[in-house]
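Walk through this protein one feature at a time.

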Amino acid sequence: MAANLVNVEAVSKVYGTRALLDGVSLGVSEGDRIGVVGRNGDGKTTLVRVLAKLEEADSGRVTHNGGLRLGVLTQHDSLDPAATVRHEVIGDLADHEWAGSAKIRDVLTGLFGGLDMPGFPQGLDTVIGPLSGGERRRIALAKLLIAEQDLIVLDEPTNHLDVEGIAWLAGHLRERRSALVCVTHDRWFLDQVCTRMWDVQRGTVHEYEGGYSDYVFARAERERIAATEEAKRQNLVRKELAWLRRGAPARTSKPRYRIEAANELIADVPPPRDDAELMKFASARLGKTVFDLEDVTVQAGPKVLLKHLTWQLGPGDRIGLVGVNGAGKTSLLRALADAAVTQGEKQPAAGRIAVGRTVRLAYLSQDVTELPPALRVLEAVQQVRDRVDLGKGREMTAGQLCEKFGFTKEKQWTPVGDLSGGERRRLQLLRLLMDEPNVLFLDEPTNDLDIETLTQLEDLLDGWPGSMVVISHDRFFVERTTNRTLALLGDATLRMLPRGIDEYLERRRRMVEAAAGAPAANTAGAAPAAKAVKAASAADARAAKKELQRIERQLDKVSEKESALHARIAENATDFAEVAKLDAQLRELGAEREELEMRWLELAEDA
């Protein structure tokens, strides 16, 4: 039987007039991997701080097993600004000692990209004081993971990590023997790591077995039983469950609930989006041209981030953009936004960006736009407009959309200056959507948003007709809201990934392994041969890139034909002969797409 590590007995904690924890009793045992979820401000961080004895409870008792080795990652680190990275992470270990440790090598490579810490000016000897908050947080996480603990408590560990870093951290935590309690809004991460869930709601904590997918099902089942039939039909949790069961890859290896029960629960839930209908509506609003890039070069100062880029963002395209930090994701969006704002007058360093005449762009940047602190939330939204058309005959007032984004009637009269970082982020996004754009650029939209707000945002975007590009390290959000994935791998090119983020991680892994195993040139006499090989390789790569662009255009045409066929099938739903004929054409297009994608993958290796 697993030993009990921590007991929380009848604990209460009050801030002002609000009870964040009200008589909560919980336990953490050896081998537990617990994910903590809940709305911002409902007490997730308070719960884990009380559990770790970083805060005193107002009443009740928290007991730790004797000799418990506890590691805690808080949202604010306690690193010495005058110390070096080496001193904080490795301590007094000699170089041969830490370099000989597989765990230390794994942590440094996983979090910093190599033992020499390439992103830091002096590597391990970099002084911590001048570093950014994200760099300091990774150092604190590395220090924690290198040590040995019985229990690890992590508060938002995926903040400031890219997709690769999050995937590495999930694998690392799965292999550790330490028990884990983790607060995070990253749903993919929860499914990969956790086997139990704590849902913090209004002072109480509901416990669920399984990862995030199992939690969503159990919560939907609980609400189905408690709700009336009509309220049950409108429950967003059921829509997210439909996505998990139908659209996304398998999230858990051993479902804890009967598949039949899950299927029955979502039997009358439509798919999250009607892509064919949205594409048709988007084309009507935008015309044929949104953004056309021809032989474009994007620079940040003297650094060339993208070169010879030819690409088209069409009406209704929903693109997830992933890539290594510094590869140019944000710079690409800024170049497109500059061209849109200036009606094509401001162009990149080389090449040309053509912008459709009907484009109305909304750009959610990583910087939170500051508003007058005395302005009320509802007033800030009404400054943009009072009502918004969401398409398909749906219309919402500013107040209704505020409620959909978690601003209750009382909260709508809160001064902007009193809002938290997450609430300001929500308000920023809300104001953008109120302006009725038909093109949406979202750069890290999930920062500071809780899972419930993310679910509401995903539901809103499901029915939003327009073109959209999403940059996010939240893998679940990217897969949930977009249809295609493009990647910047740090080689100044933009690549389409037919298999999405899984393919991106595989490619990055191969690139890292190739870089680590590439033998250095060892003789001067080999130089001429090396030059000849390099020239031949460059010519092959250029030819492959041209072929890739041709195939991508063909794939776009196939997608358009498939969308048109889906629309015709919907129009002729009662004509079985016509539907059978259209379905045969659809299967032919599917085979053509598969063949093109396989050829694309082969050429991508050469390019």
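A search of the whole structure, a predicted model, finds 30 salt bridges. A salt bridge here is a side-chain nitrogen of Lys or Arg within 4 Å of a carboxyl oxygen of Asp or Glu. Because the model is predicted, local features need pLDDT of at least 70 and side-chain atom pairs count only at pLDDT 80 or more, while totals for chains, interfaces and linings use all residues. Residues are numbered from 1 along each chain as its sequence is written, and side-chain values use heavy atoms, with hydrogens and water left out.

One of the salt bridges joins Asp-58 and Lys-13, with N to O at 4.0 Å. This pair links distant parts of the chain, 45 residues apart. Asp-58 sits in the loop between helix H1 (44-51) and strand S4 (59-64), and Lys-13 sits in strand S1 (residues 4-15). Helices (H or I, at least four residues) and strands (E, at least two) are DSSP runs, numbered from the N terminus. Which of the residues Asp-58 and Lys-13 are buried or partly exposed? Asp-58 has 48% relative accessibility and counts as partly exposed. Lys-13 has 10% and counts as buried. The cut-offs are these: buried means under 20% relative accessible area, exposed over 50%, and partly exposed in between, with a 1.4 Å probe and protein chains only. The salt bridges also form a network here, linking Lys-13, Arg-49, Glu-55 and Asp-58.

Arg-360 and Asp-435 make another salt bridge, at 3.6 Å from N to O. Arg-360 lies in the loop between strand S13 (350-355) and strand S14 (361-364), and Asp-435 in the loop between helix H16 (421-434) and strand S17 (439-443), so the pair ties together parts that are 75 residues apart in sequence. Arg-360 is partly exposed at 39% relative accessible area. Asp-435 is partly exposed too, at 34%.

A further salt bridge links Arg-568 to Glu-578, with the closest N and O atoms 3.4 Å apart. Arg-568 belongs to helix H20 (residues 527-571) and Glu-578 to helix H21 (residues 576-606), so this pair ties together parts that are 10 residues apart in sequence. Arg-568 is partly exposed, with a relative accessible area of 37%.

Next come the rings. The whole structure holds six aromatic pairs. Rings of Phe, Tyr and Trp (its six-membered ring) pair if their centres lie within 6.5 Å; planes under 30 degrees apart count as stacked, over 60 as edge-to-face and the rest as tilted. Phe-112 and Phe-120 have ring centres 5.5 Å apart and planes at 80°, so their pair is edge-to-face. Both Phe-112 and Phe-120 are buried. Phe-291 and Phe-441 form a tilted pair, 5.8 Å centre to centre with 35° between the planes. Phe-291 is in strand S10 (residues 291-300) and Phe-441 in strand S17, 150 residues apart. Phe-291 and Phe-441 are buried as well. Ring pairs also join Tyr-208, Tyr-212, Tyr-215 and Phe-476 into a cluster.

Phe-407 is worth a visit. It lies in the loop between helix H15 (398-404) and H16. Its relative accessibility is 0%, so Phe-407 counts as buried. Leaving aside neighbours within four places in sequence, its contacts include Val-377, Cys-402, Leu-419 and Leu-430. Contact means heavy atoms within 4.5 Å. The C-alpha atoms of Phe-407 and Val-377 are 8.2 Å apart, though 30 residues separate the two along the chain.

Now look at helix H13 (residues 329-341). Buried residues in H13 include Leu-332, Leu-333, Leu-336 and Ala-340. Gln-343 follows H13, with a positive phi near 55°.

How many disulfides are there? The count is zero, where a disulfide is a pair of cysteine sulfur atoms within 2.5 Å. The sulfur of Cys-194 has its closest cysteine sulfur in Cys-182, 5.6 Å away, too far for a bond. Cys-194 is buried at 6% relative accessibility. Cys-402 is buried at 0%.

Last, the whole fold. The protein has 21 helices and 20 strands. Buried residues make up 49% of its 607 residues. Among contacts with a separation of 6 or more, 69% come from residues 24 or more positions apart.
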